[in-house]
Amino acid sequence: MWIYEKKLQYPVRVSKCDPHMAKLLLEQYGGADGELAAALRYLNQRYTIPEKVIGLLNDIGTEEFAHLEMIATMVYKLTKDATVEQLKAAGLDAHYVSHDRALFYENAGGVPWTAAYIQAKGDPIADLYEDIAAEEKARATYQWLIDMTDDVDLQDSLKFLREREIVHSLRFREAVEILKDNKDMKKVF
Amino acid sequence: MAYPQEQEYYPFVGPYDPCPPITCKTYSTPPQLYIPFQPPNLPQFSPHEALMKGTLWPALFSPYESRWGKGR
Ligand SMILES: [Fe+2]
C-alpha cells in the first residue's frame, strides 16, 4: 500500500503563459519514456526480480508517480486559463475536441499511451538494462524540454527531474552489479 | 576524479548544406556513467541544498543549461 502526502516532491512554478509548452511536456506524461511508463514498468517488474533489488524497484517506481504529479501540475497550470483560440494556436485543438482542458496520457504528438512502451521480460538483467536505458532516455527528454523553454522557473523544476533520472540510472547500474555478485567491485570501496 | 559532464564533436560540414552550420555538437556525459557502484562515505550536500539539487551527493550532481537563445 501507499501513504499519500498532499504536496509535490519539488515545487512547480510556471511564470510564462505558454500553452504550447504544455503540449511538449506531455511527452513526459504519456510518452514512451515518460513518468507513467517508468512507474508502471518498475512497479510491475518488481514481482519477478531477486529479493535484493525488489525494494529498489519499489522505491523508484513510487518516486516516478511523484514526478508524474509534477508534470501534471505543469501541464494543468499552462492550460487551465488558456482560451480556445490560444489552445488552437498552441496545437492543442485536436486535444481540446477530445478532452477539453482535461489531462490525458498521450505524448507530445497526441499519441495515446500504450503498455507496448514497456516490458517485463522476467530476466533480471534484461529488465534492469531496459530500466537503465529508460532513465537515460527520460534524462535526454528533460534536456530537450529544458532547451525548449526560456522560463527559468519551469527550467528549474525540469532540472530537478533530470537530476533524479541520473540518480535512478546509477541505482539501476548498482542493481546490476549486485545481481552479478561482483566481488571485485566491492574491493574498489 | 573529475570527468567531463559534456563532450563535443565536430561533424562534417558540406559546401552545399542549406542552413548555416552548427560546427560544434555537444552531448551530456553525466556522473553516473563513471561511477559503476557508489562508494560509501562520500561528501554530502546540506539537507536544504540536497532538496534543491535533487541529490544528496555532490559526486552525482549534474548541471544542465538550456540551449534556448544560445544559437545552438
Ligand atoms: Fe526515473
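A:M74 is in contact (heavy atoms within 4.5 Å) with A:V12, A:V14, A:L25, A:L154, A:S157, A:L158 and A:L161, leaving aside residues up to four places away in sequence. This is a predicted model, in which local features need pLDDT of at least 70 and side-chain atom pairs count only at pLDDT 80 or more, while totals for chains, interfaces and linings use all residues. Residues are numbered from 1 along each chain as its sequence is written, chains are lettered from A and ligands numbered from 1 in the order in which they are written, and side-chain values use heavy atoms, without hydrogens and water.

**Nonpolar cores**

A:M74 is among the residues with the most contacts inside the largest nonpolar core, along with A:M21, A:L25, A:I71, A:L145, A:L158 and A:L161; this core has 27 residues. A nonpolar core is a set of buried Ala, Val, Leu, Ile, Met, Phe, Trp, Tyr and Cys residues joined through side-chain atoms within 4.5 Å. Buried means under 20% relative accessible area, exposed over 50%, and partly exposed in between (1.4 Å probe, protein chains only). Two or more residues of this core come from each of α1 (19-30), α2 (35-45), α3, α6 and α7 of chain A. Of the elements, α3(A) gives the most, with 7 residues. Helices (H or I, at least four residues) and strands (E, at least two) are DSSP runs, numbered from the N terminus. Another core lies apart from the largest one and has 12 residues, including A:Y42, A:L57, A:F172 and A:A175.

Because A:E64 lies in helix α3 (residues 51-79) of chain A and A:E135 in helix α6 (residues 124-147) of chain A, the pair ties together parts that are 71 residues apart in sequence.

**Accessibility of selected residues**

| Residue | Relative accessible area | Class |
|---|---|---|
| A:E64 | 0% | buried |
| A:E135 | 1% | buried |
| A:S169 | 0% | buried |
| A:D100 | 39% | partly exposed |
| B:N41 | 77% | exposed |

Two of these residues have a positive phi without being glycine: for A:D100 the angle is near 55°, and for B:N41 it is about 65°. A:D100 sits in the loop between α5 (93-99) and α6 of chain A, and B:N41 in the loop between β2 (25-28) and α1 of chain B.

**Largest pocket**

The lining of the largest pocket has 19 residues, and A:K7, A:L8, A:Q9, A:E63 and A:A66 lie nearest its centre. Elements giving two or more lining residues are α3 and α7 (152-180) of chain A and α1 (47-53) of chain B. The contribution of α3(A), 5 residues, is the most. The volume is about 440 Å³.

On a 1 Å grid over the protein atoms alone, a pocket is an open set of points where a 1.4 Å probe fits, with protein on both sides within 12 Å along at least five of seven lines; lining residues have an atom within 4 Å of a point. Grid points are joined across faces, edges and corners, and a volume is the space filled by probe spheres set on the points.
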